Amino acid sequence: MTTSNEPLCLTDLYESSPGLRRLAHGYASSGTWRRLAVRGFYVGRDVVANLPRDLASAVRAAPVAPLRMEDGVAMEAGSKRIALYVHYSPTGQVSDMVRRQLSLLAGTGFSIVFISMAARIPEADWQAVRRLCALVVQRQNIGRDFGAWHDLMPEVARRWSEPVELMLVNDSVLGPIGALEPVIATMRAGGDGLFGLTESLQGGAHLQSYMLLARGRGAVADLMGFLSAMHISHSKWLLIQLGEIRLARWMRRRGHRVAAVFGYDRLAQAAAADPAERERLAKSYHRLKGFATLPDDQAAALLHQWPLNPTHHLWHVLATRFGGPFLKTELVMRNPGRLPGVAEWAAVVPPDAPCPLPMLRAHLETMRAA
């Protein structure tokens, strides 16, 4: 059960240049140099294999046309708060958990553009989403979430004039397992700028893109411009570099505040001060074997020297100490870093969660379906 005792507050993005931090993060995530080399091989193969399609897309230079697009029941032409929600499931089902997320976002004032990249969507599910959203779109599964946001920018600009808030969100997370409204209120309290939930130091400090909020006409316009001009690669690795990692630095160069609700340093300090979290992290990989016996400040410094993925390595402290509203679906389903304790993820979901445990398990089943 969650035991949140850290206040919600925004932390400006950590000032750092990529340098060797990208390599250090890769090593930290992989655990050994051998596994990092294997990972590098697959990244290289991914980039090379997708190069012909990337070149063809660059020549064509046209957005991917929607397979289907229909106004939702909740369409409001004058709305100034727009959320673009990206969905995928192997069967095309829109789970109760996803519908709950849409309902909660609508309850905080957003008109929602729902973008599914499923090959087919049951008609009952399509109509259920229409009742919650302003616009419902089905598109080819190309370019992941940044590809979807890129392709829908012209339609958003056509339908909504000068929005003051633009949220980018996807269904790669389970939850919310805690109240979402205070988290969004914390982002809104930051004034104008670009805000996210978690900060990662991979490749230099950036906001993880499963939930981002741009506020203020200038920040929204620049985010829309970034997405519209972005090259959409078929390579997952390149897409992360060109989109998620580059975005925060680009927005900061444009003069916008960039901040996270759960800053990396706050998570590192909390983990270093908790003996149980120290033990958990010490088992993650051999560079942290002595982590449990270091003074608090040295332990936190070590987590900066070898930066970790906050939604994976620090998932437990994020959920229990900070009341983080989401768990990464990939972590729960596959645990790619082979991290200890992940199998007990259900223990951090409180009985009164906005998305209770049975709803989360049902969603996972739709993701496992072939």
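What covers the buried residues of helix 6? The cover includes strand 3, helix 3 (96-107), strand 6, strand 8 (193-200), strand 10 and strand 11 (258-262), where contact means heavy atoms within 4.5 Å. The buried residues in helix 6 (residues 181-188) include Val183, Ile184, Thr186, Met187 and Arg188; buried stands for under 20% relative accessible area, exposed for over 50%, and partly exposed for values in between (1.4 Å probe, protein chains only). Helices (H or I, at least four residues) and strands (E, at least two) are DSSP runs, numbered from the N terminus.

The model is predicted, with local features needing pLDDT of at least 70 and side-chain atom pairs counting only at pLDDT 80 or more, while totals for chains, interfaces and linings use all residues. Residues are numbered from 1 along each chain as its sequence is written, and side-chain values use heavy atoms, with hydrogens and water left out.

Strand 6 runs parallel to strand 3 (residues 81-87), joined by six bridges, and Val86 has Asn170 as its bridge partner. With strand 10 (residues 211-215) the arrangement is antiparallel, with five bridges, and Met167 stands opposite Leu213. Two strands are taken to pair if DSSP finds at least two bridges between them.

A cavity is a set of points, on a 1 Å grid over the protein atoms alone, where a 1.4 Å probe fits but cannot get out; lining residues have an atom within 4 Å of a point. Grid points are joined across faces, edges and corners, and a volume is the space filled by probe spheres set on the points. The structure holds three cavities of 30 Å³ or more. Val169 and Asn170 are among the lining residues, as are Tyr210 and Phe326.

The largest cavity holds about 80 Å³. Of its 13 lining residues, Tyr210, Thr311, Leu318, Phe326 and Leu327 lie nearest the centre.

Finally, a disulfide is a pair of cysteine sulfur atoms within 2.5 Å, and by this rule the count is zero.

Note on methods:
1 Å grid on protein atoms, 1.4 Å probe; cavity = no way out; pocket = protein on both sides within 12 Å on 5 of 7 lines; lining within 4 Å.
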